[in-house]
Amino acid sequence: MKHTLTAPKSQDQRERLLRLLVTATFLIFFQAYMVAPLIPHLAVAFKVSSQTIGLIVPAYLIPYGIGSLIYGLLSDQIGRRRIILTSLLAFVVLTCFTTTAQSASQLIFWRFLTGLCASGVIPLALTLIGDIYPYERRGRPMGWIFGAMAGGMAFGSTFGALLEPLITWRGIFLGVGILGALVLSLLYLQRHLLGNATRSTTNNIRDLLTTYKMLLGSGRGRRTYAYVLLNGIFHSGVYTWLGLYFQQRYGLGEVGIGLALLGYGVPGFLLGPMIGRAVDRWGRSWLLPTGFAIAGVAAAILMFHLPLVVAAVAVTLLSLGYDMTQPLLAGIVTSLGGKRGGQAMGLNVFTLFIGFGVGSFLFGEVLRLGLSAALFLFAAIVLVAALAAIPLFRSEAPNVVSSSERT
């Protein structure tokens, strides 16, 4: 199979492409998570329960995961460029159309359609990094991409809550659509950096199934994708309902909720590249278990009735746990797929976003037992996973991973 991607050759070209992809990633995650702190407000506006309007989160995230799987496959066949540009265009158009929703069901529908159609940008951005950066140098650019995800989550949650009283939720969606159009135009002008738009591999069902068997047939592949799924379930489950958490436990309004959530994403936004460099130097064997443990401890702290400032710090620690795990897992995935990197990363993002959607739904269901009970259950599971990660990822030290696993 001939792989014809023409990658940027110079460091300047790579960095230019990275900056554009980081910007697009930030905006997509800003849009994805700006609705979380608005759940209490939207429930009142549409006269439905919090659980009902809360479906706007899994309605976006689960189709996003399904779409990323499809686009990953297509990108290996028709090239990355077409998928990225078309998907970003869909993001812009459908985000603007969301402003027309007149009921909770219509809002859920537009979120579903946006997630399904706009999910080709981030998985292929990660795949492109695997194409143009060697394995030993992927930590920093991966750190930037996941830092943009975390930053988008943080600023989306905060400014979604802060801007809603000023311009309404419809105005926020329209503004994001306009900014997305600007990013799309800039990326289109630099489209030559996205590689050739021509066919790169020949796909048939047997080849696809063989690749999936290869990805999930090894112990390294199985444990990596399993932890991606667990990470998505845990973090989305806890994070999606933090707006309701701060409203019920501390009586905060929209602005207060936004400020309380501001810490989520700050570690990745500020420390993402630094974490990436640490990965490049020391490997993933000890950083992964540490990240899962930090996230579990943060969720456990939120169980207790503590001062508001302590809860806000716990939210920041929760984010740090994500920033020390998901970029590292994605880095492993880039070394699993070989010439079918799009398929490997598509499966990664599919697994992550299915976890995001399922986690949001499951936490909402467990909430019927109370906030503390839901936090206890999620914290206990991820702390057990942190302990299990110590032997499972021991081979991810730089001097242990073989060169054959990195290609």
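Is E396 buried or exposed? With a relative accessibility of 2%, E396 counts as buried, where buried means under 20% relative accessible area, exposed over 50% and partly exposed in between, for a 1.4 Å probe and protein chains only.

This is a predicted model, in which local features need pLDDT of at least 70 and side-chain atom pairs count only at pLDDT 80 or more, whereas totals for chains, interfaces and linings use all residues. Residues are numbered from 1 along each chain as its sequence is written, and side-chain values use heavy atoms, with hydrogens and water left out.

E396 lies in the segment after α18, and its side chain makes a polar contact with the side chain of R220 at 2.9 Å; such a contact is a pair of N or O atoms within 3.5 Å, of which, within protein, one must be able to donate a hydrogen and the other to accept it, and residues adjacent in sequence count only if both atoms are side-chain atoms. V313, by comparison, is found in helix α15, helices being DSSP runs of H or I with at least four residues, numbered from the N terminus.

| Residue | Relative accessibility | Class |
|---|---|---|
| E396 | 2% | buried |
| V313 | 47% | partly exposed |

The C-alpha atoms of V313 and I301, 12 residues apart along the chain, are separated by 9.6 Å.

Helix α11 spans residues 242-250, and its buried residues are L242, G243, L244, Y245, F246 and R249. These pack against several helices, including α10 (219-240) and α18 (371-392). After α11 comes G251, with a positive phi near 70°.

Notes: Helices (H or I, at least four residues) and strands (E, at least two) are DSSP runs, numbered from the N terminus. Contact means heavy atoms within 4.5 Å.
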